[in-house]
Amino acid sequence: MSVALDTDEPLGHICDACGSGLPTQGWHVPYQQMGYYNGFTDNLDVLLSEEEPKYWFLCHDCIVKFLTLFPRLGEFLDQGEHPCDAEAPCCSWAWKLAEDGTLLVANADGWVAKSK
Ligand SMILES: [Zn+2]
Ligand SMILES: [Zn+2]
């Protein structure tokens with residue numbers, strides 16, 4: 001499974017996990033189209049185009065909770081998946097430009113220059 005932070009979703013939705021307003025960084029997950037083995041969600045009507053796919057909107061903080069709960073899934077993401085201008089990184093997947101233009105990514109120590 002490949003997942004990516006989606007920063008282009010329109011605002012105005014709420015997070016389907018926590019009910020808070022959706023910030024600019026989050027996931028728009030087509031859970032009926034994620035694929036499954038041996039069945040978990042019934043997506044036959046979606047596959048037959050008889051029903052529109054349903055989506056989950058997940059806010060930044062719920063994604064961080066999800067990836068913290070399942071750290072192996074977090075390993076699918078690269079460093080520096082979404083921008084963050086805060087003094088300290090908002091999470092392990094943030095990036096920021098330093099004043100000299102250096103690309104910084106988050107790690108356990110805070111912001112560090114991204115290695116090439
Ligand atoms: Zn949320
Ligand atoms: Zn973050």
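**Cores, a helix face and the overall plan**

Me: What makes Cys15, Leu22, Trp27, Leu58, Cys59, Cys62 and Ile63 the largest nonpolar core?

Reply: These seven residues make up the largest nonpolar core, a set of buried Ala, Val, Leu, Ile, Met, Phe, Trp, Tyr and Cys residues joined through C-beta atoms within 7 Å. Buried means 20 or more other C-beta atoms within 10 Å of a residue's own; exposed means 12 or fewer, and partly exposed is in between, with C-beta atoms placed from the backbone. Strand S2 and helix H2 each supply at least two residues of this core. A second, separate core has five residues, including Trp93, Ala94, Val105 and Ala106.

By the way, this is a predicted model: local features need pLDDT of at least 70, side-chain atom pairs count only at pLDDT 80 or more, and totals for chains, interfaces and linings use all residues. Residues are numbered from 1 along each chain as its sequence is written, while chains are lettered from A and ligands numbered from 1 in the order in which they are written.

Me: How do you know that the buried residues of H2 line one face?

Reply: H2 (residues 60-69) has His60, Cys62 and Ile63 buried. Down the helix axis they fall within an arc of 165°, taken from the directions from axis to C-beta atoms, so they line one face. Thr68 and Leu69 are exposed on the face turned away.

Me: What makes up the secondary structure of the chain?

Reply: Three helices and six strands, counted as DSSP runs numbered from the N terminus: helices are H or I with at least four residues, strands E with at least two.
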